[in-house]
Amino acid sequence: MSNLNIQIHETAFVTSTFRSQNEDLSKDMYAKLWKNPRTTIWVEKYLDQVCSEEVSAHCLRNRFFLEEIERLQPEVLINFGSGFSMYPFLLSDDIIHIEIDKEEVVSYKEKKIKEFQKEGKLPERNIHFIGVDFSQDYVHILLEKLLLLKGKKSSFILIEGVLFFLSKKDTEKLFEFFSRLQEKGDYIGSASFQNELKASKAFEKLLDFCNKEMVKTEASDWQTVEDIFYKENANYDLINHQDYFSLSKKHSNTIKLEKDLILNENFYILKKIV
Ligand SMILES: C[S@@+](CC[C@H](N)C(=O)[O-])C[C@H]1O[C@@H](n2cnc3c(N)ncnc32)[C@H](O)[C@@H]1O
């Protein structure tokens, strides 16, 4: 592997570039701030070698979670593996934002956001950045920090575009952590691929691309997650489940490729019941 390979955190630039390519669909007019020449090359390669509908898929994902958070009106939005997503600037200014990702991502994001705000490209928002690696031992310190920031306020935890890179064990640990952190009536928004997608041509192409072009971490297993993981959580009810096809219908997005060539991602909203 050379340093020409994509590092895990660089996938966040790729996601933002997808969102910037159809602002009408994503409703994200700030994603373009993260564009850079290295990512542009990766995006072109990915769209060509894996799936050309990934722009629409990522735009619809952003749109779905944006509208759900707007509708559910949490006081605090906690974004796990937040990358360079721009929800703080797309949502009303009274929400408290906590953005969690690897240290190098959050420190770069914080620095760039300050620059963009100085240049008048972004409005002011209440954002806290926390550097954490979900494959390391974080529970005690992170719980303490988050409880201090969140108090008893209502919360929405978002985890999108992340579980693919984590192990099952680290995923289960995260969802147990979410339950310790949240109160009854709070929400989780999660995105993941289902196991059955593994049989598709699209997933085969994705794995080929990832194994060839990405730096794989020890913890990452290119994970898929079953509906049952969300449905049978003792602390949460699954209250909304969408995928690329249902969101395309809702937002009149024309599906161009046949099903086998599409990386269909599933989107879940869970509500805490205990
Ligand atoms: C594809 S990006 C998605 C970013 C963002 N959620 C979005 O949708 O725009 C994946 C993100 O997960 C983060 N990530 C992956 N593995 C992680 C880990 N073990 N600990 C913390 N963050 C991780 C990466 O740094 C990256 O920002």
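The expected span of a helix is 1.5 Å times one less than its number of residues. Helices here are DSSP runs of H or I with at least four residues, strands are runs of E with at least two, and both are numbered from the N terminus. Keep that in mind for helix H4, residues 54-72: it has 19 residues and reaches 27 Å from its first C-alpha to its last, close to the 27 Å expected at 1.5 Å a residue.

Before going further, a word on what you're looking at. This is a predicted model, so local features need pLDDT of at least 70 and side-chain atom pairs count only at pLDDT 80 or more, while totals for chains, interfaces and linings use all residues. Residues are numbered from 1 along each chain as its sequence is written.

Back to H4. A residue is called buried if 20 or more other C-beta atoms lie within 10 Å of its own, exposed if 12 or fewer, and partly exposed in between, with C-beta atoms placed from the backbone. The buried residues of H4 are Glu 54, Ser 56, Ala 57, His 58, Cys 59, Leu 60, Arg 61, Asn 62, Arg 63, Phe 64, Phe 65 and Ile 69. Val 55 also lies in H4, but it counts as partly exposed because it has 19 other C-beta atoms within 10 Å. Setting aside neighbours within four places in sequence, Val 55 is in contact (C-beta atoms, placed from the backbone, within 7 Å) with Phe 18, Gln 21 and Asn 22. Asn 211 is 156 residues from Val 55 in sequence, and 21 Å from it in space, C-alpha to C-alpha.

Two packed helices are described by the angle between their axes and the distance between the axes. The axes are lines fitted to C-alpha atoms, for helices over the stretch in contact, and the angles run from 0 to 180 degrees between N-to-C directions. H1 and H4 pack at about 90°, with their axes 8 Å apart. That makes H1 roughly perpendicular to H4; the word covers 65 to 115 degrees, while under 35 counts as roughly parallel, over 145 as roughly antiparallel and the rest as oblique. On the H1 side, Thr 15, Phe 18 and Arg 19 meet Glu 54, Val 55, His 58, Cys 59 and Asn 62 in H4. That contact divides into three nonpolar, three polar and two charged residues. For this sorting, Ala, Val, Leu, Ile, Met, Phe, Trp, Tyr, Cys and Pro count as nonpolar, Asp, Glu, Lys and Arg as charged, and the others, Gly among them, as polar.

H1 also packs against helix H3, residues 37-49, at about 75° with the axes 9 Å apart. So H1 is roughly perpendicular to H3. Here Phe 13, Val 14, Thr 17 and Phe 18 of H1 make the contact with Thr 39, Thr 40, Trp 42, Val 43 and Tyr 46 of H3. This contact has six nonpolar residues, three polar and no charged.

Now for the ligand. It is surrounded by 20 residues, and the closest are Ala 12, Gly 81, Gly 83, Ser 85 and Gly 161; a residue is taken as near if its C-beta atom, placed from the backbone, lies within 6 Å of the molecule. Seven of the shell residues are nonpolar, nine polar and four charged.

What follows H4? Just after it, Gln 73 takes a positive phi of about 50°. Most residues other than glycine have a negative phi, and most peptide bonds are trans. Gln 73 sits in the loop between H4 and strand E1 (76-80), and it counts as exposed because it has 12 C-beta neighbours inside 10 Å. Pro 74 is found in that loop between H4 and E1 too, but with 19 C-beta neighbours inside 10 Å it counts as partly exposed. Not counting residues up to four places away in sequence, Pro 74 touches Ile 69, Ile 95, Ser 154, Ser 155, Phe 156 and Tyr 187.

Ser 252 has a positive phi as well, near 50°. You'll find Ser 252 in the loop between helix H11 (244-250) and strand E7 (266-272), and it is exposed, with 7 other C-beta atoms within 10 Å.

Conventions
Two residues are in contact if their C-beta atoms, placed from the backbone, lie within 7 Å.
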